[in-house]
Protein chains: 2
Amino acid sequence: MADVNQLQETINDMEFILRKMSVIIKQKGREILQNFPITPPQFVALQWLNEEGDMTIGDLSNKMYLAFSTTTDLIDRMESNQLLERIRDNKDRRVVQIHLLDKGKKIIDDVIEARRNYLSSILTDINDEQITAIHDSINSLFEAMKQDL
Amino acid sequence: MADVNQLQETINDMEFILRKMSVIIKQKGREILQNFPITPPQFVALQWLNEEGDMTIGDLSNKMYLAFSTTTDLIDRMESNQLLERIRDNKDRRVVQIHLLDKGKKIIDDVIEARRNYLSSILTDINDEQITAIHDSINSLFEAMKQDL
(Lines give C-alpha, C1' and ligand atoms only; values in the text may rest on other atoms or scores of the structure.)
Protein backbone atom coordinates (compact mmCIF):
# COMPACT_ATOMS: atom_id res chain seq x y z
CA MET A 1 0.00 0.00 0.00
CA ALA A 2 2.86 2.37 0.81
CA ASP A 3 4.25 1.84 -2.70
CA VAL A 4 0.91 2.53 -4.32
CA ASN A 5 0.61 5.77 -2.35
CA GLN A 6 4.17 6.70 -3.20
CA LEU A 7 3.55 6.13 -6.91
CA GLN A 8 0.40 8.23 -6.71
CA GLU A 9 2.39 11.00 -4.97
CA THR A 10 4.97 10.85 -7.76
CA ILE A 11 2.24 11.13 -10.42
CA ASN A 12 0.55 13.98 -8.53
CA ASP A 13 3.82 15.86 -8.37
CA MET A 14 4.46 15.14 -12.06
CA GLU A 15 1.07 16.67 -12.91
CA PHE A 16 2.02 19.76 -10.91
CA ILE A 17 5.43 20.06 -12.58
CA LEU A 18 4.01 19.60 -16.10
CA ARG A 19 1.28 22.18 -15.43
CA LYS A 20 3.78 24.75 -14.12
CA MET A 21 6.43 23.95 -16.72
CA SER A 22 3.89 24.51 -19.50
CA VAL A 23 3.21 27.97 -18.10
CA ILE A 24 6.94 28.79 -18.09
CA ILE A 25 7.42 27.42 -21.63
CA LYS A 26 4.43 29.44 -22.86
CA GLN A 27 5.64 32.62 -21.16
CA LYS A 28 9.23 32.13 -22.36
CA GLY A 29 7.93 31.47 -25.87
CA ARG A 30 6.00 34.75 -25.75
CA GLU A 31 9.12 36.63 -24.57
CA ILE A 32 11.12 35.17 -27.45
CA LEU A 33 8.42 36.15 -29.97
CA GLN A 34 8.61 39.77 -28.81
CA ASN A 35 11.88 39.96 -30.77
CA PHE A 36 10.13 38.81 -33.95
CA PRO A 37 7.39 40.37 -36.11
CA ILE A 38 4.84 37.60 -35.42
CA THR A 39 2.25 36.84 -32.72
CA PRO A 40 1.92 33.50 -30.84
CA PRO A 41 -0.98 32.21 -33.03
CA GLN A 42 0.96 33.25 -36.16
CA PHE A 43 3.93 31.21 -34.88
CA VAL A 44 1.65 28.18 -34.45
CA ALA A 45 0.28 28.61 -37.99
CA LEU A 46 3.78 28.97 -39.49
CA GLN A 47 4.90 25.81 -37.65
CA TRP A 48 2.06 23.79 -39.19
CA LEU A 49 2.87 25.04 -42.70
CA ASN A 50 6.58 24.41 -42.13
CA GLU A 51 6.03 20.85 -40.91
CA GLU A 52 3.17 19.69 -43.10
CA GLY A 53 3.50 21.82 -46.21
CA ASP A 54 0.77 23.64 -48.14
CA MET A 55 -2.76 23.28 -46.83
CA THR A 56 -6.16 24.97 -47.08
CA ILE A 57 -7.42 27.47 -44.51
CA GLY A 58 -9.99 24.84 -43.49
CA ASP A 59 -7.26 22.29 -42.71
CA LEU A 60 -5.26 24.89 -40.79
CA SER A 61 -8.39 25.94 -38.81
CA ASN A 62 -8.91 22.34 -37.72
CA LYS A 63 -5.30 21.86 -36.69
CA MET A 64 -5.28 25.11 -34.71
CA TYR A 65 -8.73 24.56 -33.16
CA LEU A 66 -9.72 28.01 -34.40
CA ALA A 67 -12.83 29.26 -36.20
CA PHE A 68 -12.48 29.53 -39.98
CA SER A 69 -12.98 33.32 -39.83
CA THR A 70 -10.26 33.72 -37.16
CA THR A 71 -7.83 31.68 -39.25
CA THR A 72 -8.70 33.72 -42.35
CA ASP A 73 -7.87 36.95 -40.46
CA LEU A 74 -4.57 35.40 -39.32
CA ILE A 75 -3.68 34.38 -42.89
CA ASP A 76 -4.68 37.80 -44.32
CA ARG A 77 -2.31 39.55 -41.94
CA MET A 78 0.59 37.18 -42.67
CA GLU A 79 -0.04 37.36 -46.42
CA SER A 80 0.19 41.17 -46.33
CA ASN A 81 3.47 40.77 -44.39
CA GLN A 82 4.75 38.41 -47.12
CA LEU A 83 5.23 35.49 -44.73
CA LEU A 84 2.98 33.27 -46.86
CA GLU A 85 0.80 33.41 -49.97
CA ARG A 86 -2.45 31.96 -51.29
CA ILE A 87 -1.93 29.72 -54.30
CA ARG A 88 -4.31 27.73 -56.54
CA ASP A 89 -4.11 23.96 -56.15
CA ASN A 90 -2.60 22.41 -59.32
CA LYS A 91 -5.02 19.48 -59.23
CA ASP A 92 -8.15 21.48 -58.53
CA ARG A 93 -7.99 25.15 -59.48
CA ARG A 94 -11.03 25.93 -57.29
CA VAL A 95 -9.05 25.03 -54.15
CA VAL A 96 -6.85 27.67 -52.52
CA GLN A 97 -3.80 26.47 -50.59
CA ILE A 98 -1.64 28.43 -48.17
CA HIS A 99 2.04 28.35 -49.04
CA LEU A 100 4.89 29.36 -46.71
CA LEU A 101 7.25 31.97 -48.23
CA ASP A 102 11.00 32.31 -47.58
CA LYS A 103 10.48 35.23 -45.20
CA GLY A 104 8.06 33.13 -43.11
CA LYS A 105 10.41 30.13 -43.17
CA LYS A 106 13.32 32.33 -42.05
CA ILE A 107 11.33 33.71 -39.12
CA ILE A 108 10.25 30.29 -37.92
CA ASP A 109 13.83 28.96 -38.17
CA ASP A 110 15.10 31.95 -36.18
CA VAL A 111 12.41 31.54 -33.49
CA ILE A 112 13.26 27.84 -33.08
CA GLU A 113 16.96 28.74 -32.90
CA ALA A 114 16.18 31.24 -30.11
CA ARG A 115 14.20 28.56 -28.24
CA ARG A 116 17.13 26.12 -28.55
CA ASN A 117 19.48 28.78 -27.21
CA TYR A 118 17.19 29.35 -24.23
CA LEU A 119 17.15 25.62 -23.51
CA SER A 120 20.97 25.40 -23.84
CA SER A 121 21.36 28.31 -21.45
CA ILE A 122 19.21 26.73 -18.72
CA LEU A 123 21.07 23.40 -19.10
CA THR A 124 24.59 24.82 -18.64
CA ASP A 125 24.91 23.55 -15.05
CA ILE A 126 23.73 20.04 -15.96
CA ASN A 127 26.26 17.52 -17.30
CA ASP A 128 25.92 15.82 -20.70
CA GLU A 129 24.87 12.45 -19.28
CA GLN A 130 22.12 14.03 -17.23
CA ILE A 131 20.95 16.03 -20.26
CA THR A 132 20.69 12.80 -22.25
CA ALA A 133 18.77 11.18 -19.37
CA ILE A 134 16.36 14.15 -19.22
CA HIS A 135 15.90 13.99 -22.98
CA ASP A 136 15.14 10.27 -22.91
CA SER A 137 12.69 10.66 -20.02
CA ILE A 138 10.66 13.44 -21.58
CA ASN A 139 10.75 11.53 -24.86
CA SER A 140 9.15 8.47 -23.16
CA LEU A 141 6.48 10.72 -21.71
CA PHE A 142 5.92 12.41 -25.09
CA GLU A 143 5.58 9.01 -26.80
CA ALA A 144 3.06 7.90 -24.17
CA MET A 145 1.06 11.11 -24.68
CA LYS A 146 1.06 10.68 -28.47
CA GLN A 147 -0.27 7.12 -28.18
CA ASP A 148 -3.22 8.46 -26.23
CA LEU A 149 -4.18 11.06 -28.88
CA MET B 1 33.53 17.75 -31.87
CA ALA B 2 31.24 14.80 -32.48
CA ASP B 3 30.15 14.97 -28.84
CA VAL B 4 29.39 18.67 -29.05
CA ASN B 5 27.24 18.05 -32.13
CA GLN B 6 25.53 15.15 -30.46
CA LEU B 7 24.73 17.25 -27.39
CA GLN B 8 23.35 19.99 -29.64
CA GLU B 9 21.20 17.41 -31.45
CA THR B 10 19.87 16.22 -28.08
CA ILE B 11 19.03 19.78 -27.04
CA ASN B 12 17.41 20.49 -30.43
CA ASP B 13 15.25 17.40 -30.08
CA MET B 14 14.41 18.34 -26.49
CA GLU B 15 13.20 21.75 -27.72
CA PHE B 16 11.01 20.00 -30.29
CA ILE B 17 9.58 17.57 -27.71
CA LEU B 18 8.86 20.32 -25.16
CA ARG B 19 7.18 22.48 -27.82
CA LYS B 20 4.97 19.61 -29.01
CA MET B 21 4.30 18.27 -25.51
CA SER B 22 3.12 21.72 -24.40
CA VAL B 23 0.60 21.70 -27.27
CA ILE B 24 -0.72 18.27 -26.17
CA ILE B 25 -0.90 19.33 -22.50
CA LYS B 26 -2.75 22.51 -23.46
CA GLN B 27 -5.17 20.64 -25.70
CA LYS B 28 -5.74 17.86 -23.13
CA GLY B 29 -6.28 20.50 -20.46
CA ARG B 30 -8.94 22.14 -22.66
CA GLU B 31 -10.67 18.79 -23.19
CA ILE B 32 -10.74 18.17 -19.44
CA LEU B 33 -12.18 21.65 -18.80
CA GLN B 34 -15.07 20.93 -21.18
CA ASN B 35 -16.49 18.75 -18.38
CA PHE B 36 -16.38 21.68 -15.96
CA PRO B 37 -18.22 25.03 -15.86
CA ILE B 38 -15.04 27.12 -16.27
CA THR B 39 -12.92 28.38 -19.18
CA PRO B 40 -9.11 27.99 -19.49
CA PRO B 41 -8.34 31.55 -18.25
CA GLN B 42 -10.78 31.05 -15.35
CA PHE B 43 -8.87 27.86 -14.44
CA VAL B 44 -5.61 29.83 -14.41
CA ALA B 45 -7.14 32.52 -12.19
CA LEU B 46 -8.57 29.94 -9.76
CA GLN B 47 -5.15 28.24 -9.55
CA TRP B 48 -3.47 31.51 -8.53
CA LEU B 49 -6.09 32.18 -5.84
CA ASN B 50 -5.85 28.59 -4.63
CA GLU B 51 -2.06 28.66 -4.38
CA GLU B 52 -1.39 32.20 -3.18
CA GLY B 53 -4.60 33.12 -1.34
CA ASP B 54 -6.58 36.36 -1.54
CA MET B 55 -5.22 39.04 -3.84
CA THR B 56 -6.33 42.21 -5.63
CA ILE B 57 -7.45 42.25 -9.27
CA GLY B 58 -4.27 44.22 -10.01
CA ASP B 59 -2.06 41.46 -8.57
CA LEU B 60 -4.00 38.81 -10.46
CA SER B 61 -3.71 40.81 -13.72
CA ASN B 62 0.07 40.93 -13.35
CA LYS B 63 0.36 37.22 -12.62
CA MET B 64 -1.85 36.32 -15.58
CA TYR B 65 -0.23 38.84 -17.96
CA LEU B 66 -3.71 40.16 -18.75
CA ALA B 67 -5.06 43.72 -18.96
CA PHE B 68 -6.81 44.94 -15.81
CA SER B 69 -10.14 45.24 -17.68
CA THR B 70 -9.87 41.66 -19.01
CA THR B 71 -9.19 40.35 -15.51
CA THR B 72 -12.11 42.38 -14.12
CA ASP B 73 -14.46 40.77 -16.70
CA LEU B 74 -13.10 37.34 -15.74
CA ILE B 75 -13.68 38.02 -12.03
CA ASP B 76 -17.18 39.44 -12.64
CA ARG B 77 -18.22 36.25 -14.43
CA MET B 78 -16.78 33.97 -11.73
CA GLU B 79 -18.29 36.07 -8.95
CA SER B 80 -21.76 35.75 -10.50
CA ASN B 81 -21.15 31.98 -10.68
CA GLN B 82 -20.25 31.99 -6.96
CA LEU B 83 -16.74 30.63 -7.54
CA LEU B 84 -15.19 33.61 -5.73
CA GLU B 85 -16.19 36.86 -4.06
CA ARG B 86 -14.89 40.39 -3.61
CA ILE B 87 -14.08 41.23 0.01
CA ARG B 88 -12.75 44.35 1.76
CA ASP B 89 -9.20 44.10 3.08
CA ASN B 90 -9.23 44.05 6.92
CA LYS B 91 -6.15 46.29 7.13
CA ASP B 92 -7.23 48.81 4.51
CA ARG B 93 -10.96 48.97 3.84
CA ARG B 94 -10.38 50.82 0.55
CA VAL B 95 -8.64 47.74 -0.91
CA VAL B 96 -10.77 45.01 -2.50
CA GLN B 97 -9.41 41.46 -2.43
CA ILE B 98 -10.59 38.47 -4.43
CA HIS B 99 -11.41 35.46 -2.26
CA LEU B 100 -11.87 31.89 -3.51
CA LEU B 101 -15.19 30.31 -2.43
CA ASP B 102 -15.81 26.62 -1.66
CA LYS B 103 -17.47 26.05 -5.04
CA GLY B 104 -14.40 27.44 -6.83
CA LYS B 105 -12.05 25.39 -4.65
CA LYS B 106 -14.07 22.23 -5.35
CA ILE B 107 -13.90 22.81 -9.11
CA ILE B 108 -10.16 23.37 -9.12
CA ASP B 109 -9.58 20.24 -6.99
CA ASP B 110 -11.74 18.21 -9.38
CA VAL B 111 -9.93 19.55 -12.47
CA ILE B 112 -6.54 18.70 -10.96
CA GLU B 113 -7.84 15.23 -10.05
CA ALA B 114 -8.94 14.73 -13.70
CA ARG B 115 -5.49 15.83 -14.90
CA ARG B 116 -3.82 13.35 -12.51
CA ASN B 117 -6.09 10.59 -13.81
CA TYR B 118 -5.13 11.44 -17.38
CA LEU B 119 -1.45 11.26 -16.47
CA SER B 120 -1.94 7.92 -14.64
CA SER B 121 -3.75 6.53 -17.67
CA ILE B 122 -0.94 7.39 -20.10
CA LEU B 123 1.67 5.93 -17.71
CA THR B 124 0.01 2.50 -17.32
CA ASP B 125 2.51 0.76 -19.63
CA ILE B 126 5.54 2.27 -17.90
CA ASN B 127 6.93 0.58 -14.79
CA ASP B 128 7.24 2.31 -11.41
CA GLU B 129 11.01 2.77 -11.58
CA GLN B 130 10.77 4.40 -14.98
CA ILE B 131 7.96 6.67 -13.76
CA THR B 132 10.18 7.79 -10.88
CA ALA B 133 13.04 8.40 -13.33
CA ILE B 134 10.77 10.45 -15.61
CA HIS B 135 9.54 12.44 -12.60
CA ASP B 136 13.08 13.19 -11.42
CA SER B 137 14.20 14.21 -14.92
CA ILE B 138 11.37 16.64 -15.54
CA ASN B 139 11.85 17.95 -12.01
CA SER B 140 15.53 18.76 -12.77
CA LEU B 141 14.44 20.56 -15.92
CA PHE B 142 11.70 22.43 -14.03
CA GLU B 143 14.18 23.51 -11.34
CA ALA B 144 16.60 24.76 -14.03
CA MET B 145 13.76 26.71 -15.70
CA LYS B 146 12.71 28.28 -12.39
CA GLN B 147 16.27 29.44 -11.67
CA ASP B 148 16.24 31.30 -14.96
CA LEU B 149 13.01 33.23 -14.20
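This report walks through a predicted model of two chains, from how they pair up to a few single residues.

## Before we start

Residues are counted from 1 along each chain as its sequence is written, while chains are lettered from A and ligands numbered from 1 in the order in which they are written. Since the model is predicted, local features need pLDDT of at least 70 and side-chain atom pairs count only at pLDDT 80 or more, though totals for chains, interfaces and linings use all residues.

## How the two chains meet

Let's begin with the pairing. On chain A, 39 residues are in contact with 39 residues of chain B; "in contact" is said of two residues whose C-beta atoms, placed from the backbone, lie within 7 Å. The elements of chain A that give two or more residues to this side are helix H1 (2–33), helix H5 (102–122) and helix H6 (128–147). Helices here are DSSP runs of H or I with at least four residues, strands are runs of E with at least two, and both are numbered from the N terminus.

What is the side of chain A that touches chain B made of, by class? It has 21 nonpolar, ten polar and eight charged residues. Nonpolar covers Ala, Val, Leu, Ile, Met, Phe, Trp, Tyr, Cys and Pro; charged covers Asp, Glu, Lys and Arg; the others, Gly among them, count as polar.

## Two domains in chain A

Chain A splits into domain 1 (1–34) and domain 2 (37–147), with bounds that come from an automatic or database domain assignment. Their C-alpha centres lie 23 Å apart. Five residues of domain 1 of chain A are in contact with seven residues of domain 2 of chain A. On the domain 1 side, those residues are two nonpolar, one polar and two charged.

## A helix with a buried side

Now over to chain B. Its helix H5 (residues 102–122) has 21 residues and reaches 31 Å from first C-alpha to last, close to the 30 Å expected at 1.5 Å a residue; the expected span is 1.5 Å times one less than the number of residues.

Which residues of H5(B) are buried? They are Gly104(B), Ile107(B), Ile108(B), Arg115(B) and Leu119(B). They cover an arc of only 115 degrees around the axis, so they sit on the same side of H5(B). That arc is taken from the directions from the helix axis to the C-beta atoms. The face turned away carries the exposed residues Asp102(B), Lys106(B), Asp109(B), Asn117(B) and Ser121(B). Buried means 20 or more other C-beta atoms within 10 Å of a residue's own, exposed means 12 or fewer, and partly exposed is in between, with C-beta atoms placed from the backbone.

Tyr65(A) has a positive phi of about 55 degrees although it is not a glycine. Tyr65(A) sits in the loop between helix H3 (57–64) and helix H4 (68–80) of chain A, and is exposed, with 10 other C-beta atoms within 10 Å. Gln82(A), also not a glycine, has a positive phi of about 60 degrees. Its place is the loop between H4 and strand S1 (84–88) of chain A.

Leu100(A) lies in strand S2 (residues 96–100) of chain A and counts as buried, with 21 C-beta neighbours inside 10 Å. Leaving aside neighbours within four places in sequence, Leu100(A) is in contact with Leu46(A), Leu49(A), Asn50(A), Leu84(A) and Lys105(A).
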